[in-house]
Every structure is written in structure tokens, then in C-alpha cells.
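Biologist: Could you take me through some of the charged pairs and the packing here, one question at a time?

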Amino acid sequence: MHRLDGRAFKNTFLIDQPAGTSNVLWSRMNDGKWKKYEPDGKNPLQPNKTSEAQTVELSIADVTEDLKTKDNVDNYDDQTIYNAGKIDGNYVVNGVEKAFIGWHLLHKNKFSFIVASASDDLSTMTASEIKAKYDNTITNYTLNVHGDLLVNYPKVFDFGTYTLGTSEQEPVSIAKGQINVENPFYMDWKLVVKNSTSGADLVDNPLLQEDATGFNVQLYSLKTGTDDDWEAGQILNIGGLLKGPETPLLTLDTQKQLSGDEQLDAIQPAKSMPFYKSDVNLKFHNGKADQYAKRPGKYKLEATWELSTADKVVDDTD
């Protein structure tokens with residue numbers, strides 16, 4: 001079976017017509033009914049009235065798009081989502097460490113074609129009649145339309161270096177990052193961020209003291225819903241970092257019910273958003289370091305990022 005990638009393909013049909021014959025291209029989608037391919041009501045395969053064979057070239061892209069848009073029974077399947085594999089990794093942009101998690105997803109549709117004699121009407125022939133006469137000439141293509149559900153997030157929030165005892169001159173240290181979610185298939189998704197700090201990093205860690213580090217989020221909205229022109233929202237305080245692993249630091253959920261926390265409710269995504277973007281600012285009050293730091297050096301907080309979806313996803317076994 002041929003396989004077409006929905007992002008870009010330039011395949012064409014090369015249809016050979018013997019001398020003195022008249023033919024019609026028939027097509028169907030996902031084993032639906034056979035239909036003549038007649039763009040603008042005309043057969044693109046003109047009768048070959050010559051004494052030599054002729055080759056006609058047709059674009060597969062044009063034929064499949066015609067089937068998608070003009071199929072009255074709507075056989076094109078853009079609801080079933082196939083999982084082509086989990087993805088995760090780290091990368092660096094302009095010296096900033098980032099990470100991503102998600103899934104390679106796709107829609108799949110089967111397109112079938114037969115070049116038949118103009119004297120045959122495949123719409124009235126039985127499946128067995130078509131098989132008997134044209135089984136060895138049927139061409140099948142699978143059109144894969146890719147659309148990864150993907151979360152990009154900061155791998156490291158860097159507060160920089162603070163000198164103990166200088167909080168009056170430098171009251172806060174701020175670490176910045178950005179969360180970006182791509183959701184081309186308009187799925188429900190849930191992102192949970194948890195504090196997973198353990199061991200020695202929990203001991204006398206200024207970052208994890210009461211009221212030490214504020215967690216601020218600023219949601220952006222696409223002005224038109226499709227382009228890259230974003231409008232910044234308010235900077236909202238959603239609490240501190242002093243939470244154990246059983247209590248998420250942050251939950252973004254397209255299905256989240258209103259919690260009554262106006263700040264948290266205001267930054268929630270919707271499945272109708274093909275893109276989600278928010279800035280995260282962690283604001284550490286340096287006076288806490290003056291109080292709790294028992295040693296010089298680095299202090300860190302570990303976090304886990306977990307992505308899930310409530311939508312049905314089918315394993316891609318082909």
C-alpha cells in the first residue's frame with residue numbers, strides 16, 4: 001500500500017490509455033461508494049482516438065482533496081486519532097535549556113482508485129463484479145495527516161546568583177520560562193507539574209520556605225486564533241512552591257471545572273485552542289536566603305511534567 005504524508009507530497013498518477021480506448025478514473029474513500037472523478041463535471045481522461053497509447057498525468061493531491069471536500073456522505077475521517085509514538089527530549093535555544101513531551105499523532109484515510117472502461121458503471125456494479133474485472137488494477141493510498149500534541153517547557157529556571165546579606169539592595173531574584181502547547185487536532189489535554197525535590201535538596205532549601213518563592217503565570221491569547229500575533233494577559237499569582245509531590249504546583253486542564261480560584265481558573269486552556277502559550281515567572285524573595293541559607297552554593301528544586309489526554313487514541317499498528 002502506498003503511503004502519503006499529509007504535510008507534503010507531490011505524487012502523480014501516470015495513466016496509460018491504450019490506442020482507441022475511452023476510460024474513466026473512479027475513486028472512493030475509506031471503502032465508501034465508487035465515484036467518477038470528474039472535476040468541474042468533466043472527465044480528465046479524454047478518449048484516446050489515436051493509433052498509439054497515451055499517458056495522462058493527474059495529481060493525487062488534487063484528486064484526494066476533491067474527495068475530501070465533495071464527498072456528500074462525509075467519508076473523510078478526521079475524528080479517529082492514531083498514536084504513532086511518544087516523544088520527549090531536551091534542547092537548547094540561545095543558551096536556554098528546554099524540554100518537550102507529547103505524542104506523534106495522525107489521522108489516516110484510505111483512498112482507492114480504478115481506471116475503468118467508460119462502458120462500465122462502477123456505482124451500479126457489485127463488489128464481486130468489480131473484484132473479478134478490476135482487482136489487479138485497484139490502487140490504494142493511505143493519506144496520513146500529522147498533528148503532534150506537543151508541550152514545550154523550561155528545563156531549567158535560573159534565578160542567577162545572589163550574595164547573602166544584600167536583600168535590601170536586591171530584594172528579589174526572578175527566574176523566567178515559557179510553556180507552549182501545540183494542539184492541532186483540538187484534543188482535551190492535561191498538564192500537571194509537581195515538586196519532586198528529594199534527599200539533600202530538601203534540607204535547608206531557601207526556595208522551599210514558607211512564602212519564599214511566588215509562582216506567577218501570564219497567559220497569552222492569539223488575536224485571530226491562527227496566526228502568531230499574541231496578546232498578553234494579566235500576570236497572575238497562583239501560589240508558592242512549598243508543596244509536596246501529592247499536590248501539583250500547576251495544573252492546566254481543558255476539562256478542568258471552575259475551582260473558585262479566579263487566578264488559577266483564568267489561565268486554563270480550552271480544547272478549541274490550537275496553541276497555548278504562557279510565561280512563568282518564579283519570584284524568590286532574597287531575604288529568605290539570608291534567613292535560611294546554611295551554606296554557600298547552589299540550591300535547586302526538581303519538578304516533573306506530566307501530560308495526558310482523555311481522548312481516545314488508537315495505536316498505529318501499520
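Biologist: Which residue forms a salt bridge with Lys271, the closest N and O atoms being 3.6 Å apart?

Modeller: This is a predicted model, in which local features need pLDDT of at least 70 and side-chain atom pairs 80 or more, while totals for chains, interfaces and linings use all residues. Residues are numbered from 1 along each chain as its sequence is written, and side-chain values use heavy atoms, without hydrogens and water. The salt bridge (a side-chain nitrogen of Lys or Arg within 4 Å of a carboxyl oxygen of Asp or Glu) pairs Lys271 with Asp188.

Biologist: How many residues apart in sequence are the parts that this pair ties together?

Modeller: Lys271 lies in the loop between α3 (262–266) and β15 (275–285), and Asp188 in the loop between β10 (172–182) and β11 (190–195), helices (H or I, at least four residues) and strands (E, at least two) being DSSP runs numbered from the N terminus. The parts joined by the pair are therefore separated in sequence by 83 residues.

Biologist: Is Asp120, which meets Lys133 in a salt bridge, buried or exposed?

Modeller: The side chains of Asp120 and Lys133 come to 2.7 Å, N to O. Lys133, at 47% relative accessible area, is partly exposed, that is, between buried (under 20%) and exposed (over 50%), with a 1.4 Å probe and protein chains only. Asp120 has a relative accessible area of 15%, and so counts as buried.
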